[in-house]
Amino acid sequence: MDHPVVTEPDPGNRLRDTTRGERPQERLARLGPAALSDTELLAMLVRSGTHGQDVISLASRLMNEAGSLAGLVAWREADFRRIRGLGPVKALQLVAVLELARRVFVQQGGETPLLNRPDRMVAYLQPFARGLQVEKFWVLCVNRKLRLLRRIEISSGTATAALVHPREVFREAVLEAATGVICAHNHPSGDPAPSQADFSVTRQLREAARTLDIELVDHLIIGQPGHDPAGLGFYSFRAAGLI
């Protein structure tokens with residue numbers, strides 16, 4: 001009597017491309033990294049799934065939540081910790097790897113970019129803002145020649161607001177011995193038109209800058225050209241004469 005063939009169940013933590021019957025690491029070794037999808041490359045970093053969720057599914061969920069690799073690069077530890085199956089160690093590992101990727105991308109344009117025009121400021125910030133579903137607020141500390149000293153993410157808010165206080169902005173500038181700051185935040189909707197809250201925050205920043213004798217070089221709102229009536233994809237408070 002023939003006995004049925006019993007196969008070992010997949011424990012859910014193997015890197016396997018079910019459409020080809022070949023694991024991503026095998027394809028990586030055979031074909032190189034370009035042959036892998038974004039999800040498969042991410043699965044290589046995640047390495048293992050959880051009970052009831054294989055690693056490809058976990059990587060797919062990460063991609064769906066972030067919207068894209070560019071969106072994922074902007075995540076912090078707390079964002080990764082929200083995903084079931086990612087513990088504190090794995091979350092920190094992913095933050096570190098993606099931060100390295102981001103720094104490589106930024107440094108392709110120079111380690112100390114010249115930020116003397118709104119378009120250059122926006123070009124520098126786009127890799128951090130692209131694909132975000134919530135508002136984030138950044139401060140770029142610059143020297144007298146408007147060369148970047150450091151970028152700091154001050155806050156991460158909801159889909160419509162990123163709360164910030166001038167105290168947080170200029171504390172970082174003082175610590176960096178910066179002579180000027182460039183403030184920026186994104187609008188997930190893509191429309192960079194300022195809200196009443198944006199005007200109010202800019203006035204507060206302008207007054208604080210005068211008190212501390214640190215130049216507020218600009219406050220930028222980053223959107224998308226397709227959603228901007230002006231076609232620029234950003235709004236500059238200095239260009240508008242409000243700084």
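Predicted model: local features only at pLDDT ≥ 70, side-chain atom pairs only at ≥ 80, totals over all residues.

Q: Which helix is Phe199 in?
A: Phe199 belongs to helix α9.

Q: Is Phe199 buried, exposed or partly exposed?
A: Phe199 has a relative accessible area of 24%, so it counts as partly exposed. The cut-off for buried is under 20%.

Q: OK, zooming out. How many helices and strands does the protein have?
A: Nine helices and five strands. In sequence order the pattern reads α-α-α-α-α-α-α-β-β-α-β-α-β-β.

Q: What share of the residues counts as buried?
A: Of the 243 residues, 42% are buried.

Q: What about contacts, what percentage join residues at least 24 apart?
A: If you take contacts between residues at least 6 apart in sequence, 56% of them join residues at least 24 apart.

Q: Back to α9. At what angle do α8 and α9 pack?
A: Helix α8, residues 166-175, and helix α9, residues 196-212, pack at about 40°, and their axes are 10 Å apart. That angle is why α8 counts as oblique to α9. The crossing of α8 past α9 is right-handed.

Q: Which residues make that contact?
A: From α8 you have Pro166, Val169 and Phe170, and from α9 there are Gln204, Leu205, Ala208, Ala209 and Leu212. By class, the contact of α8 with α9 comes to seven nonpolar residues, one polar and no charged ones.

Q: Now the other helix pair, α2 and α3. How far apart are their axes?
A: The axes are 8 Å apart, and α2 (residues 38-46) packs against α3 (residues 55-66) at an angle of about 115°. So α2 is roughly perpendicular to α3. α2 also passes α3 in a right-handed crossing.

Q: Who meets whom in α2 and α3?
A: On the α2 side it's Asp38, Thr39, Glu40, Leu42, Ala43 and Val46. On the α3 side it's Val55, Ile56, Leu58, Ala59, Ser60, Leu62 and Met63. The contact of α2 with α3 divides into nine nonpolar, two polar and two charged residues.

Q: You mentioned Val46. Which lysine has its C-alpha 7.2 Å from that of Val46?
A: That's Lys90, which is 44 residues from Val46 along the chain. Lys90 sits in helix α6, residues 88-107. Leaving out neighbours within four places in sequence, Lys90 is in contact with Leu45, Val46 and Arg47.

Q: Is Lys90 buried or exposed?
A: Buried, because its relative accessible area is 18% and the cut-off is under 20%.

Q: Let's do α7. Which of its residues are buried?
A: In α7 (residues 118-129) the buried ones are Met121, Val122, Tyr124, Leu125, Pro127, Phe128 and Ala129. After α7 comes Gly131, with a positive phi near 85°.

Q: Is Asp213 buried or exposed?
A: Exposed, with a relative accessible area of 71%.

Q: Last one, Gly233. Where is Gly233 found?
A: In the loop between β4 and β5 (234-236). Gly233 is buried, at 2% relative accessible area.

Q: What does Gly233 touch?
A: Not counting residues up to four places away in sequence, Gly233 touches Pro192, Ile221, Ile222, Gly223, Gln224, Pro225 and Asp228. Gly233 and Asp119 are 114 residues apart in sequence, with their C-alpha atoms 9.8 Å apart in space.

Methods. Residues numbered from 1 in each chain as written. Heavy atoms only, no water. Axes fitted to C-alpha atoms, helices over the stretch in contact; angles between N-to-C directions. Helix = DSSP H or I, 4+ residues; strand = E, 2+ residues; numbered from the N terminus. Parallel < 35°, antiparallel > 145°, perpendicular 65-115°, else oblique. Left-handed = near helix turned anticlockwise from the far one by under 90°. Contact = heavy atoms within 4.5 Å. Nonpolar A, V, L, I, M, F, W, Y, C, P; charged D, E, K, R; others polar. Buried < 20%, exposed > 50% of the residue type's maximum accessible area, 1.4 Å probe, protein only.
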